[in-house]
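Biologist: Could you show me how to read a few features in a protein model? I'm new to this, so please go slowly.

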Amino acid sequence: MIKAIILAIVALIIIWLLVSNIRVVPQARAYVVERLGAYHATWQVGLHFKIPLIDKISRKVSLKEKVIDFPPQPVITKDNVTMEIDTVVYFQITDPKLYTYGVESPMDAIENLTATTLRNIIGELELDESLTSREHINTKIRMVLDEATDPWGIKINRVEVKNITPPRDIQVAMEKQMRAERERREAILIAEGEKKSKILIAEGQKEAAILQAEADKQAAILAAEATKQKAIKEAEGQSEAILMINKATADGLKMIKEADADDAVIKLKSLEAFQKAADGQSTKIIIPSEIQGLAGLATSVKELVKE
């Protein structure tokens with residue numbers, strides 16, 4: 001009976017030991033196992049069994065990407081300006097064995113290595129370069145850290161300079177410089193706006209003058225055309241009048257010729273014509289000799305009739 005109880009107790013102990021040494025490794029995790037104090041294996045995701053009292057889980061390692069935000073580090077630039085820079089490091093454990101046995105306190109090692117690397121890089125740059133070369137600083141720190149942490153089973157994915165804090169007097173000087181730069185840009189913008197405004201006004205006045213000159217030209221052309229048409233009409237009227245006079249004269253001569261009038265009648269007609277001409281505005285009239293003789297004859301006839 002006692003022997004049976006002892007066997008039952010031993011069986012229970014064995015079952016408990018077996019159950020208690022079953023391990024399930026979750027996703028994105030890895031277990032480093034030692035056997036009798038020496039490295040034995042790295043357990044990945046799945047079900048595993050640890051030999052009681054012989055195997056030991058030395059470290060449980062997370063394979064996820066991690067982020068470490070280091071506190072600000074004092075650094076000195078090439079032109080002897082002291083400022084503080086804090087960085088953020090993104091890394092991932094790629095080899096749990098090297099991570100476990102490669103270095104004591106890996107996070108402290110990464111922090112100290114980041115600080116020294118940052119000081120070396122900033123020491124080669126002046127203040128203005130340090131403020132404007134973040135990408136260069138990030139890349140260089142990442143390359144140095146990645147090479148140094150490779151034996152530790154750590155992969156540095158990226159490094160970001162979070163803040164760069166120069167001394168207070170430098171900040172005040174930079175603020176004044178930025179304010180002056182903004183005022184300069186504002187003055188340039190105002191001057192350019194006034195310049196463009198004046199150019200637009202001048203171009204508008206130029207176009208208005210061109211349009212006015214074109215309008216004056218068209219008006220002059222129209223006025224000249226009207227004057228030309230008026231002169232043509234007047235010339236045509238005068239021409240028609242002359243033609244009518246010539247026609248009337250020709251008709252009169254034709255009638256006289258058809259009536260067989262002698263020279264005395266023709267001369268009398270001529271005298272009547274000069275008489276009408278004398279009634280006009282002319283101050284000087286030249287009378288042909290034939291008409292003068294006819295005029296004397298007409299005066300003699302008139303005196304005989306009176307007697």
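Biologist: What should the 18 residues of helix α3 span, and how far apart are its end C-alpha atoms?

Modeller: A quick word on the source: this is a predicted model, where local features need pLDDT of at least 70 and side-chain atom pairs count only at pLDDT 80 or more, while totals for chains, interfaces and linings use all residues. Residues are numbered from 1 along each chain as its sequence is written, and side-chain values use heavy atoms, with hydrogens and water left out. Helices (H or I, at least four residues) and strands (E, at least two) are DSSP runs, numbered from the N terminus. The expected span of a helix is 1.5 Å times one less than its number of residues. For α3, residues 106-123, that rule gives 26 Å, and the end C-alpha atoms are 26 Å apart, so the two agree.

Biologist: Which residues in α3 are buried?

Modeller: Think in terms of relative accessible area: buried is under 20%, exposed is over 50%, and partly exposed is in between (1.4 Å probe, protein chains only). The buried ones in α3 are Pro106, Ala109, Ile110, Thr114, Ala115, Thr117, Leu118, Ile121 and Ile122.

Biologist: Okay, salt bridges next. How many does the structure hold?

Modeller: You look for a side-chain nitrogen of Lys or Arg within 4 Å of a carboxyl oxygen of Asp or Glu. The structure holds seven of these. Take Arg158 and Glu65, whose closest N and O atoms are 3.5 Å apart. Arg158 sits in strand β9 (residues 154-165) and Glu65 in the loop between β5 (55-62) and β6 (66-69), so this pair links distant parts of the chain, 93 residues apart.

Biologist: Which residue does Asp69 pair with?

Modeller: Asp69 forms a salt bridge with Lys162, with 2.8 Å between the closest N and O atoms. Asp69 is in strand β6 and Lys162 in strand β9, so the pair ties together parts that are 93 residues apart in sequence. Asp69 is partly exposed at 42% relative accessibility, and Lys162 is partly exposed too, at 40%.

Biologist: And where do Arg184 and Glu181 lie?

Modeller: Both are in helix α6 (residues 168-258), three residues apart, which is about one turn of the helix. Arg184 is partly exposed, at 44% relative accessible area, and Glu181 is partly exposed at 27%. There's a network here as well: salt bridges link Glu181, Arg184 and Arg185.
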